[in-house]
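Have a look at the picture first.

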Amino acid sequence: RALEAYKDACETATNPGLLQLSTAQLAHMQDDEQTALHFYKLAHNSNSQDARAAFFIAQIKMLNKNWKEAKTWIDESIQRDSIEPHALLSSALIEAELGNTDLAIPLAKKGCAIQPNDSNLRFIQARVLRISGHPTHAIDILSALPADLQASDIVRNEKKMCEEALQAKAP
């Protein structure tokens, strides 16, 4: 019901940009991906200064492993906010997945330099490094994360993938 109310409000608002973004986020939280994408695109087009809608579209595309579309949208986001560290790390991950490791590694480093104590950014940096063929460096970063994060399934799985990559490289 709330989503329908937001959608109706978007139709009558004279300047619906932020309302469209909120509608997209609500749809996204309700796993209504098509509605979320529709309203994120409207929000993106109605506010040329706001990077968030493009960032959220990129996240959806990343979750669906649609790397080329994700790249298009994260590039749009970064064009509007070139120093947003989460967007930079998302871009790094996308570039790594596309095989563009020469772009991925510096992007990850740049994003982490902006917020050097953000463990979530460091985790993504480690993933970028593993995908880019540097599992030892990735393990070093993962091993420096806070203990509670190191104990999480996602970090343990990432370390396991790094160790498997190292074994695959071994003669």
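The questions and answers below go from the whole chain to single residues.

Q: What kind of model is this, and what secondary structure does the chain have?
A: This is a predicted model. The chain has 11 helices and zero strands, and read along the sequence the pattern is α-α-α-α-α-α-α-α-α-α-α. Its C-alpha trace spans about 65 × 30 × 30 Å along the principal axes.

Q: How much of the chain is buried, and what makes a residue count as buried?
A: A residue is called buried when its relative accessible area is under 20%. Buried residues make up 41% of the 171 residues in the chain. As for the surface, the accessible area comes to about 9500 Å², and 51% of that belongs to carbon and sulfur atoms.

Q: Which residues touch the most other members of the largest nonpolar core?
A: They are Tyr 40, Met 62, Ile 74, Ile 94 and Val 128, in a core of 35 residues. At least two residues of this core come from each of α2 (17-29), α3 (33-46), α4 (52-63), α5 (67-80), α6 (85-97), α7 (101-114) and α8 (119-131). There is also a second, separate core of 11 residues, with Phe 123, Ala 126, Leu 129 and Leu 149 among them.

Q: What is Ile 94 in contact with, leaving aside its neighbours within four places in sequence?
A: Ile 94 is in contact with Met 62, Trp 67, Ala 70, Lys 71 and Ile 74. To count as a contact, heavy atoms must lie within 4.5 Å.

Q: Why is Asp 31 called exposed?
A: The label exposed calls for a relative accessible area over 50%. Asp 31 has 70% relative accessibility, so Asp 31 counts as exposed. Its place is in the loop between α2 and α3.

Q: What makes the phi of Asp 31 worth a remark?
A: Most residues other than glycine have a negative phi. The phi of Asp 31 is near 60°, a positive value in a residue other than glycine.

Q: How do you know that Lys 65 is exposed?
A: The cut-off for exposed is over 50%. Lys 65 has a relative accessible area of 60%, and is therefore exposed. Lys 65 lies in the loop between α4 and α5, and its phi, too, is a positive value, near 60°.

Q: Why is Ser 132 called buried?
A: Buried means under 20% relative accessible area. At 12% relative accessibility, Ser 132 therefore counts as buried. Ser 132 is found in the loop between α8 and α9 (135-143). Leaving aside its neighbours within four places in sequence, Ser 132 is in contact with Ala 96, Thr 101, Ala 104 and Ile 105.

Q: What makes the pair of Ser 132 and Val 128 a polar contact?
A: The pair of N or O atoms has to be within 3.5 Å. A polar atom of the Ser 132 side chain lies 2.7 Å from the backbone oxygen of Val 128.

Q: Why is Gln 115 called partly exposed?
A: Partly exposed is the label between buried, under 20%, and exposed, over 50%. Gln 115 has a relative accessible area of 33%, so Gln 115 is partly exposed. Gln 115 is found in the loop between α7 and α8.

Conventions: Residues numbered from 1 in each chain as written. Predicted model: local features only at pLDDT ≥ 70, side-chain atom pairs only at ≥ 80, totals over all residues. Heavy atoms only, no water. Helix = DSSP H or I, 4+ residues; strand = E, 2+ residues; numbered from the N terminus. Buried < 20%, exposed > 50% of the residue type's maximum accessible area, 1.4 Å probe, protein only. Areas by Shrake-Rupley, 256 points an atom, 1.4 Å probe, with all protein chains shown as cover. Core = buried A, V, L, I, M, F, W, Y, C linked by side-chain atoms within 4.5 Å. Polar contact = N/O pair within 3.5 Å; in protein donor to acceptor, adjacent residues only side chain to side chain.
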